[in-house]
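Subject: Handover of the two-chain model

Dear colleague,

I am passing the model below to you. My notes on what was found in it follow.

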Amino acid sequence: MKFTLSWLQDYLATKASLDDILATMLKAGLEVEEVEDPGAKLASFTVAKVKSAEPHPDADRLRVCTVDTVDGEKQIVCGAPNARAGMTAIYAPLGTWIPGLDFALDKKPRKIRGVESSGMLCSTKELEAGDDHDGIADLDGKWPLGTPAAEALGLTDPVIDFEVTPNRPDWLGVQGIARDLAAAGAGRFLDNPIKKVEGSYQCPVEIRLDAPDACPIFAGAVVRGVKNGPSPDWLKERLKAVGITPRNLLVDLTNYISQDRARPLHAYDAAKLTGTVHARLGHEGESFEAIDGKTYAVGEDMCVIADDSGVIGLGGVMGGQSTAVSDETTDVFIESAWFDPLRTARTGRTTGIISDARYRYERGVDPESCVEGLNFALAIIREYGGGEVSAANIAGSPPKRDMRISFDRRDVARLTGLEVKPADLKKMLKELGFVIEDAGEAWYLTVPSWRFDIEQSADIVEEIARLVGYDKLPTTSLPMPPEGRKVMVTPAQARLRTARRVMASRGFLETVTWSFMPKAHAEMFGGGSEALTIANPVASELNQMRPSILPNLAVAAQKGFDRGEREMRLFEAGPVYIGDGPKDQRNVVAALVRPVAERHWSGNVAPYDATAAKRDLFALLAELDQPPERFQVDAPRQPHWHPGQAACLKLGPKVTVAHFGALHPRVLKALDVDGPVYGFELNLNALPMMKARATKTRPVLKRSDLTPIRRDFAFVVDEGVAAADIVRHAASAEKKLITGVQVFDVYQGTGIEPGKKSVAIEVTIQPEGETLKDKDIEAIGEKIVASVAKGTDGVLRG
Amino acid sequence: MSEIETIEKEALGAIEQAGDLAALDAVRVAELGKKGRVSCLMKTLGGMSPEERQTMGPKLNGLRNRVQEAVEARKAELEEAELEKRLQTERIDMTLPPRAVPEGRLHPVMQVFEEMAAIFGDMGFTVAEGPDIEDDWHNFTALNFPEGHPARETHDTFFFHPQQGAAPKVLRTHTSPVQVRVMEAQKPPIRIIVPGRVYRNDWDATHTPMFHQVEGLVIDKNIHMGHLKGCLIDFVKEFFEVANVEARFRPHFFPFTEPSAEMDVKYRKVGESIEIGEGDSWMEILGSGMVHPNVLRNCGIDPDEYQGFAFGMGVDRLAMLKYGMPDLRPYFEADAGWTRHYGFRPWLSPSVAGGLS
């Protein structure tokens, strides 16, 4: 919302400086976005008198002027055809920056075709203060030499732009702004009530309200014999200053009153109206051509203005082409009505029309301002356009609202910590337009009709706090809760933090990628359900909530590689979505490596592969207090993994905790990613929580004095047998004494028949109580061989 | 020269002459071994009379000890020499590079979440969370955004497709719905912060469709707006790690707070970077206010008994300000170069006592 300082002063008697006004706006909650002082950029320009203007000896179109300036007499070469002796002009000294040309004059006099020129005489266009480009500014002779150009050009009125919050539609009028600033101490509010304009005949336009909920009041009047032409200069200047292009008196005045009093009006060409004007709901199949030239379908939910010809306006949104005023209009019908905010907002959304009227009506227009707004319009028309005014035709009445609320004045201190004297409370509230019935502690307040944001005591507290100023409130550090500090994060949150640090410490770069992705990607990774499709995505390829983070990481890794990165190791700890319910979000840790083999002088290093991904996953699990023996490794259950080089990690038969290994080449191809790519995705929510212990004391360390014994075995098994099965069967051979089984070699080739493999394990046996004799160890060895043979058909390799 | 003296001389000489450990060991066996000369002499002690033994015993023991000591001494010498010789061959060019260890980094936004949590944790807050996909009630209605209210339109909401008459689910436009979830589930006193992802349908130089917020909520019997000011000023000082922060609070409008306030801090530009706390300009950093009585009622809390404040801040922007990151967009691009440059070392764990950054 823009307004000028002088416009504000119509409603605010004040001696406050611009800075004070701005400070008061800020204090009262009118957030200033920009202040444009149109004179500021013209500070160097002043009024000068042209003494003589002689033809240039060497150029027909140039003149050599002798000019009296603030800097003394100057010789200035000028190309303007209108430069003449005795003229009052605008002078720019050497070195001045010319805003309209966006360059600065030289600091030293310059010769133009051999004649020295010390400065410049300017056009208003060059000053960005007008559009005369036929010559230099030709000012009224009344301006004395040295007058600032801004003053002579009438550019002394600062334009203030501020943000109107949705709760304060009354700030969409200069009058409303002034009322708040007065209450906040910036001056005295001038109400400037509008006198009733007496009509000399009955309004010839009948008004019927067929939908009183949508339009409960409609005041109108006709002015006959109007001369519609350009508006008076003051009106045009004000509109231009706030960015509205003047058209003609009838259009301009509706814009002006809207801006001045937050009171939208509509002007119809009365000659184009046929029959009674109705405010009613739309009918199925109706359509209407608006003044923006577009045709809109009318809905049954919309409030329309209609006459015998059909719909001629969408109430509170936009008027119609067929009855619009033009320069030829002589008889005008002015509408000043009230439209229901919610319905207006819906109509606006459905039609997509963005208009000044809609903006105001959907936030709330003072329903009590209909008649006064109409009179304001009639007064302006009569003064500047002439004509004969009819009596006002007022159909309906303002909607009934319950405007009485109770206010407990102790709430001010209770909610803000601020003590305000009752007398001061009363003064401020009265200035805002509240009517107060003092009943001791509780007051009853009648809320002014232009306010839609006041419902209860807390709302009044805000009024008081902002008018006093938030800087006057106490500043009190938050006292510790009596029960003291708590552990800030839950165990699940702590686990996520640990996971992130583990991954970063293992050489992975943390990423934060979009929660949404292309639907096609989501579908490849087990997602893509309709419930998780965004109806209005920011971009068509970001339309599906992610079921996995891996596609984002894979695409990013490829992008990094294309940009010249070598090995990319990325991870993200964040949400994935399996449904749209509040419990359907999972926190996962996804890690991905797009390997590049490292070359090293000591011999090449094996590149990152599926087992490296497993190592990273298990290292992470270990740091999260998840012992590896808790889990079972099984074939992948998700289709985006390589069927032979990936696996899932299960916790019992039903719960899948993680997947790891190589991504499926087909999926990578679809993602446009060069493989191989390895990684894992761990669902933190599926991991069991460590049980909270009653005490921090650790259990006693149990350690044997007897040295552990290690024995190696190699088994020949079918190549399809999982190493983990050999390990499991070996370990179960003597559960009490075998404390570890480790695979250290897998071999296929010479000496092993095709289709078989040799798997070598080291078994650790920990004696308990007494040393084991050779025969005891031998017996354990036999049990191991038997157990592996039974479980895997493995044969001890000879 | 007695036999003992002869043996001693010969033995010591042979020990001296031994050129390597094997030769030395041969001498040791020849003298001190089971059948060695010294050992054999020692054995003759058994056949001697007590008188003879008294004189010969010390002599023979002396012989054995001296030979033994000489062997030990020579052994040490030879070992030392051998080690020296070996060391000459064990040379690596220690200027050669070791195997590379990939360096990981933490994302600035995630780190800044933890910095904020550390500060608020020190003030007695705990961390609460809620879902990104929200229903209309939690994201809007319970927060006093009436249906059709223009304030809803300012949120640029992402919608899912509506299902069977219900209002469509949304991607939460702020972390405030978690206020509602916590108040619905828990009796006051409440003191929480809510870090999380939020979403708005807006994408330009200063907006991304996904960004991060930290929400705060304090509900108790005597919490007033002065506490809001004190708490947030304390926070800003800790967060920017400066002794002084000049701050101001201005009225603003949020449907779910009344009175509402935006907080500005002073800053100055120094070259390309920004110093927060003092300076010539104001910068808005967060929105806040006393929890609206309608919101308390919507969550089953009596506004005549309990009151409190809430605040919400954009984490991405605060991270930019603190760490001088010029642009928001690379945050979500998983750009390795950017992450290595602006990211944090893995074991830098922020705490108020131990330092935030």
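Domain bounds here come from an automatic or database domain assignment. On that basis chain B is divided into domain 1 (3-89) and domain 2 (108-342). The C-alpha centres of domain 1 of chain B and domain 2 of chain B lie 87 Å apart.

This is a predicted model, so local features need pLDDT of at least 70 and side-chain atom pairs count only at pLDDT 80 or more, while totals for chains, interfaces and linings use all residues. Residues are numbered from 1 along each chain as its sequence is written, and chains are lettered from A and ligands numbered from 1 in the order in which they are written.

Confidence. The predictor gives the complex an ipTM of 0.89 and a pTM of 0.86. For chain B the mean pLDDT (the predictor's confidence in each residue, from 0 to 100) is 92, with 99% of its residues at 70 or more.

Interface. Chain A puts 78 residues into the contact and chain B 72, a contact being two residues whose C-beta atoms, placed from the backbone, lie within 7 Å. On the side of chain A, helix α13 (residues 491-505) supplies the largest share, seven residues. By class that side has 37 nonpolar, 20 polar and 21 charged residues; Ala, Val, Leu, Ile, Met, Phe, Trp, Tyr, Cys and Pro count as nonpolar, Asp, Glu, Lys and Arg as charged, and the others, Gly among them, as polar.

Strand β24 of chain A. Seven of the seven residues of β24(A) (residues 332-338) are buried, that is, with 20 or more other C-beta atoms within 10 Å of their own, C-beta atoms being placed from the backbone. Strand β16(A) (residues 217-224) runs antiparallel to β24(A) and is joined to it by seven bridges; strands pair if DSSP finds at least two. V223(A) has V332(A) as its bridge partner. Strand β17(A) (residues 266-269) is also antiparallel to β24(A), with four bridges, and H266(A) is partnered by E335(A).

D366(A). This residue sits in the loop between α8 (356-363) and α9 (370-385) of chain A. D366(A) counts as buried because 24 other C-beta atoms lie within 10 Å. Leaving out residues up to four places away in sequence, D366(A) touches D170(A), A262(A), S449(A) and W450(A).

Regards

Definitions and conventions: Helix = DSSP H or I, 4+ residues; strand = E, 2+ residues; numbered from the N terminus. Buried ≥ 20, exposed ≤ 12 C-beta atoms within 10 Å, placed from the backbone.
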